[in-house]
Amino acid sequence: MRRRDIILLLGSLSLLRPLPGAAQTFDRVWRIGWIEGLRTSPYNWADVAEHIQSLGWTRGGNVRADIHVPTHLDQLPKIAKELVATQPDLIVTHGTPATLGVLAETRTLPIVFFGVADPVGNGIVSNLTRPGGNVTGFTTFEPSLAGKWVQFLKELDPEIRRVAILLNPETTPNRSSPFMREFEATAASLQIEPIQAYARDFSGVEPVVAALASEPHGALLVLPDEFNLGYESKIIDVANRHRVPAIYGTQYAAAIGGLIAYGPTEGYSQALAVYIDRILRGAQPRDLPVQAPTSYTLAINLLTARRLGLSIPSAVLAAADKVVE
């Protein structure tokens with residue numbers, strides 16, 4: 001497996017070319033309302049703003065962003081309501097809860113989302129090719145990954161007999177049903193007992209991991225929902241302390257001590273900037289396909305493997321794009 005550049009769904013180069021716009025496009029200040037997730041995003045406004053400058057926009061000049069970063073999920077309805085009331089020209093949302101919160105307040109203002117795992121299943125868009133309505137964006141995880149995560153755990157340790165999938169039902173409104181189906185089907189094919197483990201706050205994580213550690217041959221699948229991403233480093237600490245093998249959905253997890261991670265290759269900042277540019281120039285979100293990665297990175301932390309007493313099979317090491325030693 002080689003690390004490849006991200007290929008976007010239906011990603012013809014024409015989709016990433018800015019639309020020609022009338023000169024008056026730059027004669028006013030365009031306002032972007034931006035709602036972040038519960039953690040600092042790699043696709044934040046500062047990063048995207050660097051890319052839109054090459055498209056004729058000036059950060060703080062003819063385009064300005066009003067950034068909101070909630071510390072708790074229950075803040076999102078109020079943030080969304082207040083943001084929509086200001087009538088920005090475009091709203092950017094990070095994650096499923098933020099996107100659903102804004103859609104509950106407006107079906108007319110244009111919205112671009114990113115970091116949403118299941119936009120169709122969550123009712124955000126009608127389909128990926130023709131989203132419809134006032135929203136489009138970038139989906140980060142697709143359901144078949146759940147099966148890949150289980151397979152990697154089994155390849156990592158053939159003795160694994162039980163896998164718990166950890167998620168927060170508050171941050172995965174449909175309880176990630178497509179992921180759950182893939183998870184359970186793959187587990188069954190590998191003679192693994194699938195366990196649905198829900199944690200509504202961080203205090204719920206420890207009992208899940210402790211229960212896995214109480215019997216041999218258990219492992220943890222940390223679904224990359226907004227909650228788990230927000231507490232990623234703490235969840236890693238809990239799993240490692242209980243000596244439970246765990247797989248995560250972001251490369252970053254392996255870099256900070258997670259045993260194994262398999263997730264999309266980073267690379268949406270420029271594409272997100274292009275969608276912002278196109279919409280501010282007059283394109284309709286309903287006509288811009290939701291884009292998804294087809295390139296993924298496998299990362300393994302050998303230091304953590306040693307601490308857990310695991311010997312990584314040579315085939316898994318050979319497949320890794322990144323190895324932390």
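Tutor: Helices (H or I, at least four residues) and strands (E, at least two) are DSSP runs, numbered from the N terminus. The model is a predicted one, in which local features need pLDDT of at least 70 and side-chain atom pairs count only at pLDDT 80 or more, while totals for chains, interfaces and linings use all residues. Residues are numbered from 1 along each chain as its sequence is written, and side-chain values use heavy atoms, with hydrogens and water left out.

The part you ask about is an open sheet of seven strands, in the order β7-β6-β8-β9-β10-β11-β12, with mixed pairing. Two strands count as paired if DSSP finds at least two bridges between them. At the edges stand β7 (193-198) and β12 (322-324), each of which pairs on one side only. From one strand to the next the twist averages 20°. Within the sheet, β9 (residues 246-248) and β10 (residues 260-264) run parallel and are joined by two bridges. Y248 has A261 in β10 as its bridge partner.

Two helices can now be placed on this sheet. Helix α4 (residues 144-156) lies across β6 (162-167), β8 (218-222), β9, β10 and β11 (296-301), where contact means heavy atoms within 4.5 Å. α4 runs at about 155° to β10; axes are lines fitted to C-alpha atoms, for helices over the stretch in contact, and angles run from 0 to 180 degrees between N-to-C directions. Helix α6 (residues 205-213) lies across β6, β7 and β8, and its direction is at about 175° to β6.

α6 also packs against another helix. Two packed helices are described by the angle between their axes and the distance between the axes. For α6 and helix α8 (residues 232-241), the angle is about 25° and the axes are 9 Å apart. The two are therefore roughly parallel to each other, given that angles under 35 degrees count as roughly parallel, over 145 as roughly antiparallel, 65 to 115 as roughly perpendicular and the rest as oblique. α6 and α8 make a right-handed crossing (left-handed if the near helix is turned anticlockwise from the far one by less than a right angle, right-handed if clockwise). From α6, V205, E206 and V209 meet I235, V238, A239 and R241 of α8. This contact has five nonpolar, no polar and two charged residues (Ala, Val, Leu, Ile, Met, Phe, Trp, Tyr, Cys and Pro count as nonpolar, Asp, Glu, Lys and Arg as charged, and the others, Gly among them, as polar).

Strand β3 (residues 90-94) has five of its five residues buried, that is, under 20% relative accessible area, with exposed meaning over 50% and partly exposed in between (1.4 Å probe, protein chains only). In a regular strand the side chains alternate between the two faces of the sheet. In β3 both faces are covered: L90, V92 and H94 are buried on one side, and I91 and T93 on the other. Four bridges link β3 to strand β1 (residues 30-35) in a parallel run, and W34 stands opposite V92. With strand β4 (residues 111-116), β3 pairs in the parallel sense, again over four bridges; there H94 has F114 as its bridge partner.

Two further helix pairs complete the view. Helix α2 (residues 76-85) and helix α3 (residues 96-103) pack at about 50°, with axes 8 Å apart, and are therefore oblique to each other. Their crossing is right-handed. L76, A80 and V84 in α2 meet P97, A98, G101 and V102 in α3, a contact of six nonpolar, one polar and no charged residues.

Helix α1 (residues 45-53) holds V48, which is buried because its relative accessible area is 0%. α1 and helix α10 (residues 269-280) pack at about 60° with their axes 8 Å apart, in a right-handed crossing. D47, V48, H51 and I52 of α1 make the contact with S269, Q270, L272, A273 and I276 of α10. The classes here are five nonpolar, three polar and one charged. V48 and V274 lie 226 residues apart in sequence, yet 9.2 Å apart in space, C-alpha to C-alpha.

For the chain as a whole, there are 12 helices and 12 strands, and buried residues make up 54% of the 325 residues. Of the contacts with a separation of 6 or more, 72% are between residues 24 or more positions apart.
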